[in-house]
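Q: I'm new to this one. Can you put it up and walk me through it?
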Amino acid sequence: MTRFRYSPRHLLGLTLLSTALATAGEQPPATETGKKDDAAVEQRAPLAERSELEALALERQLAAAEQQRLDAAGAPFLALWLPANDPAPKGAVILLPGDEENADAPRTIGPLRHKLPDAGWHSLSLSLPDPQGASLPVRVAEPPAAKVEATAEQSPEAAAAAEPAPPVESAPSAEAVRAAHVERVFARIDAGIAFAEQQQAKSVVLLGHGSGAYWATRYMAERKPATITHLLLVDIRQPEGFASPINDLLAQITASVGDFYYRDSVTAREAALQRKQLSQRQKQPTFVQVGLDALPGNPAVGEEQLFRRLRGWLDKQTGGNK
């Protein structure tokens, strides 16, 4: 009788095959697996906003004494507070970062919030929510309900299957999302102003950088806070998707405005000229425009240049040099 000899490769294949056959009966039915997967998807928490993740990172990096959890209409958020290094503080400056920045951004916002206390000013840097501009969910149209005429001949199962499906929940419109975003930003500015007033600041100044300058301007134009009489704008940027032009908003403001722009850019110079001409037509003598030199090769010198010019404007406009 002939005997067969199996190579190691054949033995391994037989072993894998027998293992697969033995465990095939232990697999749960496909329907149960699908149900488990659906349950896992339903229980999955929504993704956190980028701004919230950055705020959590700042909480781990910065001293607890600098951190303030403020309440914006029931929604807590992180703000960074540094008191003035002066026995007689001149006031408080509330800083609004731009899109893609956090409350301690390494350019502009971070350096300013650290330098202002040495000039006699409290600094309060706010975390703003993620931008909600043009990249928004599109409204989903509800499918038309199917017209069903049940007959006596239909079985109960067929009649149930033929019933129209429940309407699909549509996504909020772009206008609704943007309106909600405006309210979220304004609520955080409200909370920042309330905190600064609790510190008995003699003067409260609103300072915005990039798109944060837009939000500071829009807040002043629409809310018209009686306690804020000074507005500082640095490198103004119109956030994408929001229709209120910055010049139309500036025309509604009676507070003292410091407009700081970088004159190296042709676009920035032309936009600054339009704002200056607008202030002349509106007879806004408290509108002061300051051109800065961009120094990309030496950011430390550039930040010091900005701080010195801002400090000079603050001392002159608020009487802080007296």
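Q: Let's start with β5 and β6: parallel or antiparallel, and over how many bridges?
A: They pair in the parallel sense, over six bridges. Bear in mind that this is a predicted model.

Q: Which residue in β6 is the bridge partner of Leu207?
A: That is Leu232.

Q: And what joins β6 to β7?
A: Five bridges do, and those two strands run parallel. β6 covers residues 228–234 and β7 covers residues 256–262. Across that pairing, His230 stands opposite Ser256 in β7.

Q: How many residues of β6 are buried?
A: Six of the seven, so β6 is largely enclosed by the rest of the structure.

Q: Step back a bit. What's the order of the strands in the sheet?
A: The order is β1-β2-β4-β3-β5-β6-β7-β8. That makes eight strands in an open sheet, with mixed pairing.

Q: Which strands are at the edges?
A: β1 (67–72) and β8 (287–292). Each of them pairs on one side only.

Q: What does the twist average?
A: 25 degrees from one strand to the next.

Q: β1 and β2, then: parallel or antiparallel?
A: Antiparallel, joined by six bridges. Arg69 stands opposite Leu78 in β2.

Q: How many residues sit between the strands in that hairpin?
A: Two. Ala73 takes a positive phi there, near 55 degrees.

Q: Now the helices. How many are there in the protein chain?
A: Ten helices, along with eight strands.

Q: Which strands does α6 lie across?
A: Helix α6 (residues 174–198) lies across β1, β2, β3, β4, β5 and β6. It runs at about 125 degrees to β1.

Q: How do α6 and α7 cross?
A: Their axes come within 11 Å and cross at roughly 85 degrees. That makes α6 roughly perpendicular to α7.

Q: Which residues make that contact?
A: On the α6 side they include Val182, Phe186 and Ile189. On the α7 side they include Trp215, Tyr219 and Arg223.

Q: Switching to aromatics. How many pairs turn up in the whole structure?
A: Four aromatic pairs. One of them is Tyr214 with Trp215, an edge-to-face pair. The centres are 5.1 Å apart, with 80 degrees between the planes.

Q: Are those two buried or exposed?
A: Tyr214 is buried, with a relative accessible area of 0%. Trp215 is buried too, at 3%.

Q: What about Trp215 and Phe242?
A: They also form an edge-to-face pair. Here the figures are 5.0 Å centre to centre and 80 degrees between the planes.

Q: Why does that pair tie together separate parts of the chain?
A: Because Trp215 lies in helix α7 (residues 211–223) and Phe242 in the loop between β6 and α8. Those parts are 27 residues apart in sequence.

Q: On to the core. Which residues touch the most other members of the largest nonpolar core?
A: Ile94 and Leu206, out of 43 residues in that core. Helix α6 gives the most to this core, with nine residues.

Q: What is Leu206 in contact with?
A: Leaving aside neighbours within four places in sequence, the list includes Ile94, Leu96, Ile189, Tyr219, Ile228 and Leu232.

Q: How many residues are in the other core?
A: 21, and that core lies apart from the largest one. Among its residues are Leu95, Leu207, Leu232 and Phe307.

Q: Why would nonpolar residues gather like that?
A: In soluble globular proteins, nonpolar side chains tend to be buried together.

Q: Last topic, the whole chain. What share of its residues is buried?
A: Buried residues make up 40% of the 322 residues in the protein chain.

Q: And of contacts between residues at least 6 apart in sequence, what share joins residues at least 24 apart?
A: 76% of them.

Key. Residues are numbered from 1 along each chain as its sequence is written. This is a predicted model: local features need pLDDT of at least 70, side-chain atom pairs count only at pLDDT 80 or more; totals for chains, interfaces and linings use all residues. Side-chain values use heavy atoms; hydrogens and water are left out. Two strands pair if DSSP finds at least two bridges between them. Helices (H or I, at least four residues) and strands (E, at least two) are DSSP runs, numbered from the N terminus. Axes are lines fitted to C-alpha atoms, for helices over the stretch in contact, and angles run from 0 to 180 degrees between N-to-C directions. Contact means heavy atoms within 4.5 Å. Rings of Phe, Tyr and Trp (its six-membered ring) pair if their centres lie within 6.5 Å; planes under 30 degrees apart count as stacked, over 60 as edge-to-face and the rest as tilted. Buried means under 20% relative accessible area, exposed over 50%, partly exposed in between (1.4 Å probe, protein chains only). A nonpolar core is a set of buried Ala, Val, Leu, Ile, Met, Phe, Trp, Tyr and Cys residues joined through side-chain atoms within 4.5 Å. Angles under 35 degrees count as roughly parallel, over 145 as roughly antiparallel, 65 to 115 as roughly perpendicular and the rest as oblique.
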